[in-house]
Amino acid sequence: MLKSKFFKGLMAAAIMSVAGSASAELNGSVSYIIPFGPGGESDISARLQQPFFKEKFGQDLIVSYQPGGGGAVGWASLNGLNGDGQTIMGVNLPHIIIKPAQKEVGFTTEGLNTFHMFHYTPDAIVVATDSPYQSLQDLIDDARDNPGKVTLSGSGKASANHLAQIKFDKMAEIRTTYVPFKGTGAAVTALLGNQVKAEWGYTTVGAQQGEAVRLLAVAMQERHPLFPEVPTFKELGFDMVGGAYRGIALPDSASDETTQMWSDMISEINADPAFRQKMLDGGFAMLDIDKAKMADFMQKLTDEYLGDAREAGLID
């Protein structure tokens, strides 16, 4: 009798296990929606993930684009999509925190089922190769002597670049002028065309532009391996670590099993040495925030971003 009950219990557990795993399996190619246009860092990182996803999980990762509203159009539509695990969407910080705090945009930060943050593009102050600024101190000295006259391009308003400018000006006790452009590419064009004196860009700008630019400092804990000669802001006395963070979300109807499955899959790709090297070669910095770590990570950055944005008058 006991053996019979034990056997039945094992069978029930096995059936539940199979049912649970079946609910968290991929059934064909996956739609990976980037809520921006092609060619940006979000697109580049998704393209780098594609072959590793195919190799490890046997399915195609099909990248498409849904631009509009600085990502808001895509994120507002996410929870209306099927939560079966066959559709995922890229998410970006600080965008998904700042945008809903500014106005009604069709989504909330907490309403997005963000399950993994896999990298960030560290903030960096970038100058043209022929710039008179040979060091970060040169730029600071000029800004102190000429308040408001040191102009820096950047990608968008209330973006990672803009918040970095606000934070750094406060730390360095200077006043610079931030000039927003539509995207990193346009901000770089403004820099190389001498429309501005410097750029609040990313380490990826250095990787892409090569000898046309110089980085004065990077917002990382340690120097980027691609730019071993460039100091961190922390080395220079400014406690700045951050940039544009990128991750992935599922519709909120996705089950816990499906969300965990996806978190594990992205973690596996992120741990692959070949993938990590490709990301570093592109100027990215790796990050490994999975489903279990997400709530604490998001709370920390929400507090930081909203505090900076309020102080700068970007939100009420």
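Reply: Happy to! A contact here means that heavy atoms lie within 4.5 Å. Keep in mind that this is a predicted model; its mean pLDDT is 91, and 93% of the residues reach 70 or more.

Let's start with Glu41, which belongs to helix H2, spanning residues 41-57. Is Glu41 buried or exposed? Its relative accessible area is 8%, and buried means under 20%, so Glu41 counts as buried. Who surrounds it? Beyond its neighbours within four places in sequence, Glu41 touches Thr121, Thr184, Tyr202, Thr204, Arg246 and Phe284.

Now for the backbone. Most residues other than glycine have a negative phi, and most peptide bonds are trans. Against that background, Leu93 and Pro94 are joined by a cis peptide bond, with omega about 15°. Pro94 sits in the loop that links strand S3 (87-93) to helix H4 (95-102).

Two other loop residues have a positive phi without being glycine. Ala158, with phi near 55°, lies between strand S5 (151-155) and helix H6 (160-172). Asn194, with phi of about 60°, lies between helix H7 (184-192) and strand S7 (198-202). Ala158 is buried at 7% relative accessibility, whereas Asn194 is exposed at 59%.

Where pLDDT is low, the predicted coordinates should not be read in detail.

Key. Residues numbered from 1 in each chain as written. Predicted model: local features only at pLDDT ≥ 70, side-chain atom pairs only at ≥ 80, totals over all residues. Heavy atoms only, no water. Helix = DSSP H or I, 4+ residues; strand = E, 2+ residues; numbered from the N terminus. Buried < 20%, exposed > 50% of the residue type's maximum accessible area, 1.4 Å probe, protein only. pLDDT = per-residue confidence, 0-100.
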